[in-house]
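Welcome! Please take a moment with the sequence and the 3D view below, and then let us walk through them together.

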Amino acid sequence: MPLQPLPAADITLDLTSLNPIRGHTFKFFDCSSAPLTVTIDVMVAKNFQPPSYTMTPRDLHFPVDAGSGTALPDGGKKYRFNLVLPSPQPERSTSYTFEFNSQPAIASLGRPVPDDSPRLSSGTIEVSGGPMYP
């Protein structure tokens with residue numbers, strides 16, 4: 001039986017870039033009473049360590065293990081994080097600030113190489129909705 005492709009991520013962060021996105025707000029609306037899962041794919045450049053993250057307030061399963069990653073054509077890897085957030089409260093939104101970063105796997109010897117700087121992407125996940133009653 002062939003493997004089914006993973007569904008698309010809610011958020012994709014590209015840490016292969018020297019200037020990853022920072023300060024963006026990602027908005028989600030959910031009217032269920034269940035926790036909300038936000039899927040984040042983080043792409044990391046070749047010769048960089050797997051990403052780590054912080055979130056305030058923390059997601060319900062902090063820290064999430066993204067596994068060993070999936071190879072990208074350029075030699076980097078893509079890591080998938082499924083962050084589980086508490087169910088939204090009615091008529092109120094909750095903001096979660098996050099930061100993903102990746103460090104060079106091997107420190108450069110001799111002269112520093114500009115591409116060896118740590119990569120950081122940050123932003124906010126805003127969740128609103130909550131259970132709706134007639």
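## Before we start

This is a predicted model, in which local features need pLDDT of at least 70 and side-chain atom pairs count only at pLDDT 80 or more, while totals for chains, interfaces and linings use all residues. Residues are numbered from 1 along each chain as its sequence is written, and side-chain values use heavy atoms, with hydrogens and water left out.

## The chain as a whole

The protein chain has eight strands and zero helices. Here, helices (H or I, at least four residues) and strands (E, at least two) are DSSP runs, numbered from the N terminus. Following the sequence, you will read the pattern β-β-β-β-β-β-β-β.

Of the 134 residues in the protein chain, 36% are buried; buried means under 20% relative accessible area, exposed over 50% and partly exposed in between, with a 1.4 Å probe and protein chains only. The chain exposes about 8,400 Å², and carbon and sulfur atoms supply 55% of that area. Accessible areas come from the Shrake-Rupley method with a 1.4 Å probe; for residues, only the protein chains shown count as cover. Among contacts (heavy atoms within 4.5 Å) with a separation of 6 or more, 81% are between residues 24 or more positions apart.

Look for an open sheet of four strands, with the order 1-3-6-5 and mixed pairing. Its edge strands are strand 1 (11-15) and strand 5, each of which pairs on one side only. Two strands pair if DSSP finds at least two bridges between them. In general, strands of a sheet pair through backbone hydrogen bonds, either parallel or antiparallel. Strand 5 and strand 6 (residues 77-85) pair in the antiparallel sense over two bridges, and Thr-70 has Lys-78 in strand 6 as its bridge partner.

## Two residues of strand 3

Asp-41 is in strand 3 and counts as buried because its relative accessibility is 5%. The C-alpha atoms of Asp-41 and Leu-13 are 6.2 Å apart, although the two residues are 28 apart in sequence. Leaving aside neighbours within four places in sequence, the contacts of Asp-41 include Ile-11, Leu-13, Lys-78 and Tyr-79.

Met-43 also belongs to strand 3 (residues 36-44). Not counting residues up to four places away in sequence, Met-43 touches Leu-13, Leu-15, Leu-72 and Lys-78, among others. Its C-alpha atom is separated by 9.1 Å from that of Gly-69, 26 residues apart along the chain.

## Loops worth a look

Back to the loop between strand 4 and strand 5, where Pro-57 lies. A cis peptide bond joins Thr-56 and Pro-57, with omega about -10°. Another cis peptide bond, also with omega about -10°, joins Phe-62 and Pro-63.

Asp-59 lies in the loop between strand 4 (52-56) and strand 5 (70-71). Is Asp-59 buried or exposed? Asp-59 is buried yet has no salt bridge, and the nearest side chain of opposite charge, Arg-58, is 7.1 Å away. A salt bridge is a side-chain nitrogen of Lys or Arg within 4 Å of a carboxyl oxygen of Asp or Glu. Not counting residues up to four places away in sequence, Asp-59 touches Tyr-53, Val-64, Leu-83, Val-84 and Leu-85.

Finally, Asn-47 is in the loop between strand 3 and strand 4. Asn-47 has a positive phi of about 70° although it is not a glycine, and counts as exposed because its relative accessibility is 54%.

Methods
Lys, Arg positive; Asp, Glu negative; His and termini not counted.
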